[in-house]
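Good morning, and thank you for coming. I would like to take you through one model, and I ask you to keep the display in view as I speak.

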Amino acid sequence: MLAPQLLSVLATGETVSGARLAEAAGVSRAAIWKQVESLRSRGVPIESRGAAGYALPWPLQILDETEIRAALPARLARRLGALELHWEIDSTSSELQRRGAQAADLSIVLAETQSAGRGRRGRHWLSPPGLNIYLSCLKRFDLGFAGLSGLSLAVGTIVLRALESLGVAGAGLKWPNDVLARGENAQPGGKLAGILVELSGEYQGPCAAIIGIGLNLRLTPALHEQAGQPACDVASLCGGTPPDRNRVAAALITALADGLAEFASQGFAAFAEDYARHDLLRDAPLRLSGALGEFDGIGAGVDARGALQIRTAHGLRRIDSADVTVRRA
């Protein structure tokens, strides 16, 4: 019994004995134990319950391509360039990069787990199987890089649209591309989702964006510790039980297909109002640090291109570079 099959058996949340697992797979109990340890090392919280066997602390849903497709609106059937689901891959975005020019517009790659998931500035994105969503989308644009200002902000808004369609509330946006839970008194809470946008092509001609999204549906205490920063999950916003993972994947794909088409025709202007509604930095005291040094100011929203605006003692400053660190002062 391999790790994917073992996780599928345990997905109900019921306790299953090691002897029963070994008999069903035709292997020894020691072999089952090795697979349990393999899943634990990836972040899956499998509990040992003595002689009774093994169990997860709650049921989970294994991603299923057929279920995801069935949950998509019929109007998307011809628009998607591809929809692939992998058990394990280095990175969904890296897979689309390997396809290069062969990848069709609106190609989608998902994975149960990633061995080398990437975040901003080369950070590792934790990717345990069975718990969260790891998805990348390739979108082609006729306009060049110069016309894609605000794309990462638009994608953050698209993620919130997907969550709202599932009845999930309590999330906001932190410039340039973090989705956070809302803390007390509208303060930013832990990181709910990460977005990585990578561009290729011509500055003034056809180009493509590979958009990677990692969305936390469930985080264990161990994963919170490994994250190295405040983190949150959708389960916490839903009273402990997140929506079905296949429904979440379908909602994200639908929102991406619709939202990216909207961006291609109207740019960031189509998202400015929604972004302002979810902006966690607006009117907040901020401290920015980067290549230009460190300074304080008050968040003043974003401009028409998606640049961060800061009110300082010396007037309004606009920040275009995502290589700055923005924190509450």
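**Sheet, domains and local geometry**

I begin with strand 10, residues 285–290, which is joined to strand 14 by four bridges, the two running antiparallel. Strands here are DSSP runs of E of at least two residues, helices are runs of H or I of at least four, and both are numbered from the N terminus. Two strands count as paired if DSSP finds at least two bridges between them.

Before continuing, a word on the basis: this is a predicted model, in which local features need pLDDT of at least 70 and side-chain atom pairs count only at pLDDT 80 or more, while totals for chains, interfaces and linings use all residues. Residues are numbered from 1 along each chain as its sequence is written, and side-chain values use heavy atoms, with hydrogens and water left out.

Within this pair of strands, Arg 287 has Arg 327 of strand 14 as its bridge partner.

Let me turn to the domains. The assignment, which is automatic or from a database, gives domain 1 as 3–55, domain 2 as 65–277 and domain 3 as 281–326. Between domain 2 and domain 3, the C-alpha centres are 24 Å apart.

How many residues of domain 2 are in contact with domain 3? Twelve are, and they meet 17 residues of domain 3; contact means heavy atoms within 4.5 Å. The size of an interface is often given as the accessible area lost when the parts come together. Here the buried area, taken with a 1.4 Å probe and summed over both parts, is about 1,000 Å², with 59% from carbon and sulfur atoms. On the domain 2 side, strand 6 (171–174) and helix 10 (272–278) are the elements that give two or more residues. Salt bridges between these two domains number zero, the criterion being a side-chain nitrogen of Lys or Arg within 4 Å of a carboxyl oxygen of Asp or Glu.

I close with backbone geometry. Most residues other than glycine have a negative phi, and most peptide bonds are trans. Trp 175 and Pro 176 are joined by a cis peptide bond, with omega about 5 degrees; Pro 176 lies in the loop between strand 6 and strand 7 (178–182). Leu 106, not a glycine, has a positive phi of about 60 degrees, and is located in the loop between helix 5 (92–99) and strand 4 (107–114).

How values were computed:
Buried area is the accessible area (1.4 Å probe) that two parts lose on being put together, summed over both.
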